[in-house]
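User: Hi, I have a new structure open and I'd like to talk it through. Can you help me read it?

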Amino acid sequence: MQVEVEFGHSGVVATPLGLGANAVGGYNLFPQLNDEQGLSVIRAALDHGIRLIDTAYVYGLGHSETLIGEAIQDYDRYSFALASKGAHDYSTGDRVINNHPDFLTQQVENSLQRLGTDYLDIFYIHYPDQDTPKAEAVGALQRLKEAGKIRAIGLSNFSLAQVKEANADGYVDVVEDEFSLLHQQNARDLMPYLKEQGISFVPYFPLASGLLTGKYDQATSFPADDIRSTMADFREPRFGEIRGALAVVRTIAASHGATVSQVVLAWYMQNPLITAVIPGAKQPDQVVQNAAALQLELTSSEYQTIEEAFAGFK
């Protein structure tokens, strides 16, 4: 497995497997989170070879960044990459997406303070707003990059047309958006464009709400107030089709003495359109299990077999 990857042409390098930290301090996203456990999740990642931590202001409205800032104080800051995101503006009492250059500049300063560091390896505009010219917003990040506050410029949840507009001056290094074996829409146009432009791609939701861990079977059901009860992926006939495709992964996993999750993550890391993958975790042991995927290498035949098993999912 490739030991490290570079994000765009920024010089930022990390492992191709990172940690998505929305469940570290993201109390507004997940119920009953524990701060001590969140700290342990970050430490488990860094202790087991993961060199990319991905967070955002909106994960706990800064609390995720604060916890990560506490956890990383015992580690060499130059030994891992730290990414955060901003665009959510609550200054009026309502949640507004704001890409104004002044707002983004302040977001970076606030993130640096909460994280206890003097630079971010990657800063993403978390969502595009409706009014700010995209290249103008990216221009603000370029100035921060030149000032040494950030090392790479990222976009998240931007459409292909918006990415092209934002990259008018060639400043964009990395894009983060949804992609998994079950949700491959971005593989049609966005991801090939990024590859052509030398822009990195980082998929979120790579395990598709846990579906791609293989832990759900035909008897699985959810209470009416669980969001998964309304998700198409958990409804027949699609749910059955997913379980069928996962049976192929399970066979490959058994041959490697690995888990389904580890094989799926290894597949992403060997996908030429993907730079790094950032599965989340609520428990330290989940991080340790995911980190083991860094040691797993699929044969070209195994890679193709998995690709073909999920070819019908878009």
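Analyst: We can go through salt bridges, strands and helices in turn. Keep in mind that this is a predicted model.

User: Okay, salt bridges. How many does the structure hold?

Analyst: There are nine salt bridges in the structure.

User: Why would side chains pair like that at all?

Analyst: Opposite charges can pair when the charged atoms of the side chains come close.

User: Show me one. What does arginine 114 form a salt bridge with?

Analyst: Its partner is glutamate 65. The closest N and O atoms are 2.6 Å apart. The pair links distant parts of the chain, 49 residues apart. Arginine 114 is in helix 3, residues 101-115. Glutamate 65 is in helix 2, residues 63-71.

User: Is glutamate 65 buried or exposed?

Analyst: Glutamate 65 counts as buried because its relative accessibility is 0%, and the cut-off for buried is under 20%. Arginine 114 has 22% relative accessibility, so it counts as partly exposed.

User: Next one. Which residue does glutamate 109 bridge to?

Analyst: Glutamate 109 forms a salt bridge with lysine 149. Here the closest N and O atoms are 3.4 Å apart. Glutamate 109 lies in helix 3, and lysine 149 lies in the loop between helix 4 (134-146) and strand 9 (153-156), so the pair ties together parts that are 40 residues apart in sequence.

User: And how accessible are glutamate 109 and lysine 149?

Analyst: Glutamate 109 has 30% relative accessibility and counts as partly exposed. Lysine 149 has 27% and counts as partly exposed too.

User: What about arginine 151? Which side chain does it meet?

Analyst: The side chain of arginine 151 meets that of aspartate 121 in a salt bridge, 3.0 Å from N to O. Arginine 151 is in the loop between helix 4 and strand 9, and aspartate 121 is in the loop between helix 3 and strand 8 (122-125), so this pair ties together parts 30 residues apart in sequence. Aspartate 121 is buried, at 2% relative accessibility. Arginine 151 is partly exposed, at 31%.

User: Which residues are linked in a network of salt bridges?

Analyst: Asp54, Lys85 and Glu176 are linked that way.

User: Let's switch to strand 5. How many of its residues are buried?

Analyst: Six of the six are buried, so strand 5 (residues 81-86) is largely enclosed by the rest of the structure.

User: Which residues sit on which face of strand 5?

Analyst: Ala81, Ala83 and Lys85 are on one side. Leu82, Ser84 and Gly86 are on the other. Both faces are covered.

User: How many bridges join strand 5 to strand 4, and how many to strand 8?

Analyst: Three bridges join strand 4 (residues 52-54) to strand 5, and the two run parallel. Four bridges join strand 5 to strand 8, also parallel. On the strand 8 pairing, serine 84 stands opposite phenylalanine 123.

User: What do strand 4, helix 2 and strand 5 make together?

Analyst: They make a right-handed β-α-β unit.

User: Last topic, helices. At what angle do helix 1 and helix 2 pack?

Analyst: Helix 1 (residues 35-47) packs against helix 2 at about 60°, with their axes 9 Å apart. That angle makes helix 1 oblique to helix 2.

User: And is the crossing left-handed or right-handed?

Analyst: Helix 1 passes helix 2 in a right-handed crossing.

Conventions:
Residues numbered from 1 in each chain as written. Predicted model: local features only at pLDDT ≥ 70, side-chain atom pairs only at ≥ 80, totals over all residues. Heavy atoms only, no water. Salt bridge = Lys/Arg side-chain N within 4 Å of Asp/Glu carboxyl O. Buried < 20%, exposed > 50% of the residue type's maximum accessible area, 1.4 Å probe, protein only. Pairing = 2+ DSSP bridges. Right-handed = clockwise from strand over helix to strand, strands pointing away. Axes fitted to C-alpha atoms, helices over the stretch in contact; angles between N-to-C directions. Parallel < 35°, antiparallel > 145°, perpendicular 65-115°, else oblique. Left-handed = near helix turned anticlockwise from the far one by under 90°.
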